[in-house]
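Trainee: I would like to learn how to read the features of a model like this one. Please take me through them in turn.

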Amino acid sequence: RIGIVNNPWGLTNGPNGITGVEAPALGSFLIETPTSFYYFIWVIVALVILGLLRLQRSRVGRAWNYIREDEIAAEANGVDVRNYKLLSFTLGAALAGVTGSVYASKMMVVSPQSFLFMESALLFCIVLLGGLGSIPGALLGATAVVVFPEVFRQFASFRLLFFGLALMIMMIFRPGGLLPRKREGLGFQGLGIRGLAQSDEELIERGRLLVKENLTLRLSENLTRSDPLLETQGVTLRFGGLLAVNNYDLKVYPGKITSLIGPNGAGKTTLFNIITGIYRPERGQVIFKGENITGLKPHLVVSRGIARTFQNIRLFPALTCIENVMSGPHCHGRAGVFSAVLRTPSQVREERQFVELASFRLHQVGLWEYRNELARNLPYGKQRYLEIARALATGPELLILDEPSSGLNERESEELMELLQGLAAEGFTILLIEHDMNVVMGISDWVSVMDMGSKIAEGLPQEIYNHPTVIEAYLGKEED
């Protein structure tokens with residue numbers, strides 16, 4: 001701003017600003033009277049609100065919500081975080097440009113003194129007072145910020161004090177704003193998706209048929225492979241002086257449940273992060289279906305057919321369960337900004353399929369009745385199942401689970417074992433980190449043991465159970 005103000009020969013004419021801005025025109029119709037400007041502005045506001053509402057209830061709008069809630073989880077579920085951030089900045093700048101041109105044509109001059117820190121502060125007040133993510137709330141906040149100084153004009157010099165006090169009160173008593181966006185309890189109407197099945201059973205059945213059409217064939221083809229579905233070759237990663245993963249070789253065969261076990265701090269989750277693209281190894285390769293995927297971004301790894309859960313649950317807590325699971329098929333979607341705003345037939349069809357897939361996966365893990373509940377309201381054990389449903393919704397060929405039984409009671413662990421065995425029977429390949437030996441020994445086809453970043457043993461569960469090196473790694477060596 002300082003450079004613009006102090007450069008009188010530039011495009012902005014320095015501190016004098018831009019003068020002589022012409023009134024806008026629609027063809028031969030010139031908008032120059034106060035009445036015509038009034039209706040002109042409301043037409044623009046209506047079009048912007050319509051576009052934002054449609055974006056909000058689309059694949060694009062949900063991606064922004066996922067990023068706001070948890071960037072790592074969003075990218076691990078197929079959202080290209082960098083591109084969507086850039087898109088939001090671009091659209092925000094475009095809307096600012098539209099409003100700036102309307103303002104300039106109305107005032108016929110644009111001066112640096114027109115846009116000071118006060119205006120920026122008022123924009124934050126509008127959003128925080130009205131409600132983050134709520135378009136009606138933003139309109140209410142704008143009304144309050146504009147009308148309040150006019151009603152109390154004699155106290156205009158204290159308006160920042162009043163707004164600051166209002167924000168403090170809102171943060172204490174209503175942190176979501178005056179009109180926060182309500183998600184839970186709205187049902188599928190809150191998603192704004194047309195053409196859904198009338199009954200729950202039909203909706204779930206449509207999702208099952210979609211899975212059968214798009215995934216079952218790929219799973220059955222994998223079962224005919226004789227080579228590993230996933231293979232790590234000499235993977236090595238250091239964090240400073242700590243050797244987290246040391247020349248690790250791992251083979252995961254199709255249709256099998258492979259467990260990676262070891263003491264705490266052995267490097268198991270780090271290896272998972274290398275496989276899923278969160279970390280890039282110093283040496284070695286990650287091969288999936290014969291393709292070198294080493295160093296691919298997480299959203300690209302997901303699109304290849306690898307989905308994961310996290311050791312510490314990473315859901316989108318302020319979104320409903322159905323919205324959480326709808327993040328799964330995001331990586332396979334194609335609808336962008338223009339198709340979302342215009343509601344093209346392909347975009348409507350894609351949104352409907354997202355809901356059907358998410359409905360089937362929620363039903364599969366036993367969470368259908370919680371579909372309209374916020375994720376943060378679920379008990380811990382059900383949050384684990386929700387994370388698995390979200391991973392399944394990506395349509396993976398390899399499912400990577402990081403301590404899925406952590407925090408579950410004995411009955412829930414048995415139910416989890418039944419679920420994982422059922423998924424393996426469907427053709428899913430499963431790689432899991434697990435500390436519960438009952439789970440490991442009960443469902444695993446192959447076990448690899450890791451300690452201090454290195455492989456110390458691998459084999460069938462019965463062989464690993466009595467392996468002396470494995471026992472020593474867990475319990476230590478007895479002194480003479």
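Trainee: Among contacts in the protein between residues at least 6 apart in sequence, what percentage joins residues at least 24 apart?
Mentor: Contact means heavy atoms within 4.5 Å. Among contacts between residues at least 6 apart in sequence, 71% join residues at least 24 apart. This is a predicted model, in which local features need pLDDT of at least 70 and side-chain atom pairs count only at pLDDT 80 or more, while totals for chains, interfaces and linings use all residues. Residues are numbered from 1 along each chain as its sequence is written, and side-chain values use heavy atoms, with hydrogens and water left out.

Trainee: How many helices and strands are there in the protein?
Mentor: Both are DSSP runs numbered from the N terminus: helices are H or I with at least four residues, strands are E with at least two. The protein has 19 helices and 14 strands. Its C-alpha trace spans about 90 × 55 × 45 Å along the principal axes.

Trainee: What share of the residues is buried?
Mentor: Buried means under 20% relative accessible area, exposed over 50%, and partly exposed in between, with a 1.4 Å probe and protein chains only. Of the 480 residues in the protein, 46% are buried.

Trainee: How many disulfides does the structure hold?
Mentor: A disulfide is a covalent bond between the sulfur atoms of two cysteines. The criterion is a pair of cysteine sulfur atoms within 2.5 Å, and the structure holds zero disulfides. Cys125 is buried at a relative accessible area of 6%, and Cys331 is buried at 12%.

Trainee: What span should helix 14 have, at 1.5 Å a residue?
Mentor: The expected span of a helix is 1.5 Å times one less than its number of residues. Helix 14 (residues 345-364) has 20 residues and should therefore span 28 Å; its end C-alpha atoms are 29 Å apart, which agrees. For helix 5 (residues 81-107), with 27 residues, the reach from first to last C-alpha is 39 Å, close to the expected 39 Å. The buried residues of helix 5 are Val81, Tyr84, Val102, Ala104 and Ser105. Their cover includes helix 2 (34-56), helix 3 (59-69), helix 4 (71-76) and strand 4 (109-110).

Trainee: At what angle do the axes of helix 9 and helix 14 cross?
Mentor: Two packed helices are described by the angle and the distance between their axes. Axes here are lines fitted to C-alpha atoms, for helices over the stretch in contact, with angles from 0 to 180 degrees between N-to-C directions. The axes of helix 9 (residues 200-223) and helix 14 come within 7 Å and cross at roughly 100°. Angles of 65 to 115 degrees count as roughly perpendicular, under 35 as roughly parallel, over 145 as roughly antiparallel and the rest as oblique, so helix 9 and helix 14 are roughly perpendicular.

Trainee: Which residues have a positive phi?
Mentor: Most residues other than glycine have a negative phi. Among those with a positive value is Gly366, near 80°, which follows helix 14. Met108, near 65°, follows helix 5. Arg343 has a phi near 50° and is found in the loop between helix 13 (337-342) and helix 14; Arg343 is buried at 19%. Glu403 also has a phi near 50°, in the loop between strand 11 (398-402) and helix 16 (410-426), and Glu403 is buried at 10%.
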